[in-house]
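Work through the exercises below with the sequence and the 3D view open. Each task is followed by a worked solution.

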Amino acid sequence: MATESPERATGPDPSAVRRHRVVVLALDGVIPFELGIPQRIFGRARNAAGYPLYEVVTCSVRPPGPVRTDADYAILVEHGPAALAEADTVVVPASYELGPVYEEGRLTDELASALAHVRPGTRLISICTGGYVLAAAGYLDGRPATTHWRSAEHFQRLFPKIKVDADVLFIDDGDVLTSAGVASGVDLCVHIVRRDHGTAVANAVARLTVVPPHRDGGQAQYIERPVPEPQLATTSTARAWALDRLDRPLQLRDLAEQEAMSVRTFTRRFREEVGISPGQWLTQQRVERARHLLESSGLTVDQVARDAGFGTAQSMRQHLQAALGVTPTTYRRTFRDVVGPDADGVR
């Protein structure tokens, strides 16, 4: 039976350096799965020497004590709301007992008092319907946000100032990030690790958690449809074929031929399965390939651009700037030395 091996820390102890503190707010009715996501993902992120990159703390809106869950047990939370004042990132998981937050879009006095501890500039994250709390507090006004697809219409009606997108797995709006339903909280937290520390650290966390480091498409592929269209064919063969040839020019007709479909049928089927167009998907995969090569290889920027399929360094700069907000050189300088050879199996 395979088991997870604990990471061994080597090198100087960085205990004198304060780790990024993630504080998870556990509300009554919290869903245990969502509550455990931040610790599972952030708690497994390690630097090159094997030391934790985050400290994860759980708190409640009351003094330390039991918090009800939606299961048949309560959890003992050892920190009260004052812990929020020391957070670099605050995470609000879903709860089935939001009361006036869900019904009227307003915070309870107890919850408002707890959130008053959050310092300006703190990064805010919601998982699933935890977004209702951020919305009721006004943090999402004028911003794009998402939540569980089943609650999206209600969410939009209750908070008309928010630009709700029910199709995506998560939305990164800089200092405020929201995830869609349930397991998309894993996708969001892995994304944050990637944003903070690069793809190799995020990939290592994903591998330990036995989840993909990046899921294609969005929440739309999981929404129940009244009359689902029967589909015998998929586009998975074409995607696998393309991933083996990212360094080459790939045309839409080339992908369609792998599935023996017309371009029109293939494009429609691809969008239904993945949630984005074939062209957008190819760009995403090439960006990920470029990130990996910039972090783990000594190739020049021109060589990385060719191997990732962008053709020229200028084209790669434009795509990385659009996707990540940084140039290839800046990305490499930021993340090249974050991980050691054991973090992703290559160096």
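**Exercise 1.** How many residues has helix α13, and what does it reach from its first C-alpha to its last?

Solution. The model is predicted: local features need pLDDT of at least 70, side-chain atom pairs count only at pLDDT 80 or more, and totals for chains, interfaces and linings use all residues. Residues are numbered from 1 along each chain as its sequence is written, and side-chain values use heavy atoms, without hydrogens and water. Helices are DSSP runs (H or I, at least four residues), numbered from the N terminus. Helix α13 spans residues 313-324, which is twelve residues, and reaches 16 Å, close to the 16 Å expected at 1.5 Å a residue. The expected span is 1.5 Å times one less than the number of residues.

**Exercise 2.** Find the buried residues of α13 and say where they point.

Solution. Buried means under 20% relative accessible area (1.4 Å probe, protein chains only). In α13 the buried residues are Ala313, Ser315, Met316 and Leu320. Down the axis of α13 they fall within an arc of 155°, so they line one face of the helix. The arc is taken from the directions from the helix axis to the C-beta atoms. These residues pack against α11 (278-296), α12 (301-308) and α14 (328-335).

**Exercise 3.** Classify the ring pair of Phe270 and Trp281.

Solution. Rings of Phe, Tyr and Trp (its six-membered ring) pair if their centres lie within 6.5 Å; planes under 30 degrees apart count as stacked, over 60 as edge-to-face and the rest as tilted. The count comes to seven aromatic pairs. For Phe270 and Trp281 the centres are 5.8 Å apart and the planes at 70°, so the pair is edge-to-face. Both Phe270 and Trp281 are buried.

Notes. Helix = DSSP H or I, 4+ residues; strand = E, 2+ residues; numbered from the N terminus. Buried < 20%, exposed > 50% of the residue type's maximum accessible area, 1.4 Å probe, protein only. Contact = heavy atoms within 4.5 Å.
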